[in-house]
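Please open the model in your viewer and keep the sequence panel beside it.

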Amino acid sequence: MKRPNKHLSLSQTCLLDVSGELGPKAREHLQQHVATYPAAHLEYELVRGRFAMLQSLPKIEDQLDQVSKARIAANIKKGIHQSLDQQRKAQRQAKLARVFYGFMAAASGVAAALVVAAGVYIVHERQLAHRQRIIDAENTFQEVAQTQLPGEGKSRVDTLARRISRLEQSGGISAEGNVGNSHMMNLLDALDSVHATDSVPAPGDSGY
Amino acid sequence: MDARTLAALVLQCRNGDRGAWDALVEQYWQRLYSYAVQATRSNELANDLVQETFLRVVQKLERYEDQGKFEAWLFRILVNLVRDNSRSASRHPVRSGNVGVGDQMVDLIDSMPGKSDSPEAPLEHKEHLDRLYTAMEKLPELDRQVLLLRHYGDMPFKEIAKTLDCPLGTVLARAHRALGKLRVLMEVGHETPQ
């Protein structure tokens with residue numbers, strides 16, 4: 001005869017049966033097996049007796065009155081409700097924190113961008129101003145070089161000296177490799193030539 | 001409760017439905033409590049552990065993947081809590097609120113109705129249960145756990161196998177062995193006083 005369950009032993013199958021967990025087909029097979037073999041019948045009765053012994057133990061819930069049952073269940077439910085409330089609160093706080101940190105990150109980004117833009121603007125403006133001063137000095141030099149009048153030349157030289165002085169104050173001379181440096185050297189050479197022109201009288205000119 | 005209804009209930013719980021949580025508690029607390037009382041031998045501790053079990057379910061339900069094993073999962077949480085508590089208790093033997101096995105069981109037996117009209121019958125039945133409880137205490141932990149889950153947790157052996165994460169054959173073998181030992185211990189206990 002085919003065994004009720006090829007993966008389980010007879011005692012295990014008997015235990016499943018007395019526990020009420022064996023399917024109808026397997027149960028039928030087991031009953032046939034037990035009815036056919038006296039040893040199997042003996043084993044079945046042994047397992048049933050032992051399982052009945054276990055079943056004779058009283059269950060706790062049967063001993064509790066309705067008040068105690070209601071109290072225990074209410075305690076458990078209360079704990080769950082509190083836990084659910086805490087969970088919701090924590091979720092709300094986490095959401096708020098995410099929004100806050102997102103806002104802060106965006107604000108920090110905007111602030112950093114503004115600082116960088118302002119810095120770039122200031123540097124750019126300084127460079128423009130510096131170039132403008134150089135251009136002005138060069139223009140003055142051109143005008144001085146073209147003039148023939150000593151008095152006019154002197155006033156232009158004075159103007160030129162003031163501009164050079166302003167350039168020195170702005171650091172245009174001291175910076176090596178600066179664009180303004182070569183211009184400055186030109187200006188100084190030009191200034192020397194202006195002084196030379198003013199001090200040496202032209203042929204036919206008495207100087208007075 | 002069939003699997004589909006349970007799955008729907010679990011889904012409602014996951015969505016934070018308090019009514020669904022109450023229904024889930026009503027469905028399972030008595031079986032969990034019954035197992036916990038027998039495993040810890042303390043009403044108070046059992047109460048705490050069952051409550052803690054449900055709180056863990058609240059915390060972990062978000063990550064739970066429903067594969068028809070909710071009951072096994074629920075009992076596994078409790079079994080682990082009982083085991084952890086038992087280890088902790090063995091490190092700290094003096095523990096307030098614990099009820100000795102004798103006190104607990106005598107209270108239980110006293111409250112049971114007699115099964116016979118004979119005046120000696122309730123006493124005999126009480127003695128029988130007393131021996132049975134004592135014998136249960138002497139079983140190896142794993143074997144005892146299977147019997148407690150089957151009887152007090154009212155779990156089928158197949159669910160116990162899922163709970164303890166071992167094959168059905170192993171669970172049945174443990175149960176069969178435990179029942180055999182229980183019978184032997186009962187006989188020894190019955191003969192000892194004479």
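Which residue, with a positive phi, follows helix 1 of chain A? Select A:Gly20: its phi is positive, near 80°. Helices here (H or I, at least four residues) and strands (E, at least two) are DSSP runs, numbered from the N terminus.

Before going on, note that this is a predicted model, in which local features need pLDDT of at least 70 and side-chain atom pairs count only at pLDDT 80 or more, while totals for chains, interfaces and linings use all residues. Residues are numbered from 1 along each chain as its sequence is written, and chains are lettered from A and ligands numbered from 1 in the order in which they are written.

**Chain A as a whole**

Colour chain A by secondary structure. Chain A has seven helices and zero strands, in the sequence pattern α-α-α-α-α-α-α. Of its 208 residues, 15% count as buried; a residue is buried if 20 or more other C-beta atoms lie within 10 Å of its own, exposed if 12 or fewer, and partly exposed in between, with C-beta atoms placed from the backbone. Among the contacts in chain A with a separation of 6 or more, 55% are accounted for by residues 24 or more positions apart. Two residues are in contact if their C-beta atoms, placed from the backbone, lie within 7 Å.

**Helix 1 of chain A**

Next, select residues 10-18 of chain A. Seven of the nine residues of this helix are buried, so helix 1 is largely enclosed by the rest of the structure. The buried residues are A:Ser11, A:Gln12, A:Thr13, A:Cys14, A:Leu15, A:Leu16 and A:Asp17.

**The contact between the chains**

Now display both chains. Chain A contributes 30 residues to the contact and chain B 36 residues. On the side of chain A that touches chain B, helix 1, helix 3 (38-55), helix 4 (60-63) and helix 5 (66-146) each supply at least two residues. Helix 5 of chain A gives the largest share, 11 residues. By type, this side of chain A divides into 14 nonpolar, 11 polar and five charged residues. Here Ala, Val, Leu, Ile, Met, Phe, Trp, Tyr, Cys and Pro count as nonpolar, Asp, Glu, Lys and Arg as charged, and the others, Gly among them, as polar.

**Chain B as a whole**

Chain B has nine helices and zero strands, and 34% of its 194 residues count as buried. Residues 24 or more positions apart make up 64% of the contacts in chain B with a separation of 6 or more.

**B:Tyr35**

Select B:Tyr35, which lies in helix 2 (residues 18-40) of chain B. B:Tyr35 counts as buried because 28 C-beta neighbours fall inside 10 Å. Apart from neighbours within four places in sequence, B:Tyr35 is in contact with B:Leu78, B:Leu148, B:Leu149, B:Tyr152 and B:Gly153. The C-alpha atoms of B:Tyr35 and B:Ala46, 11 residues apart in sequence, are 8.3 Å apart.

**Helices 7 and 8 of chain B**

Finally, select residues 141-151 (helix 7) and 157-164 (helix 8) of chain B, whose axes come within 10 Å and cross at roughly 130°. Axes are lines fitted to C-alpha atoms, for helices over the stretch in contact, and angles run from 0 to 180 degrees between N-to-C directions. Helix 7 and helix 8 of chain B are therefore oblique to each other; angles under 35 degrees count as roughly parallel, over 145 as roughly antiparallel, 65 to 115 as roughly perpendicular and the rest as oblique. Show the side chains of B:Val146, B:Leu149 and B:Arg150 in helix 7, which meet B:Phe157, B:Ile160 and B:Thr163 in helix 8. The residues of this contact divide into four nonpolar, one polar and one charged.
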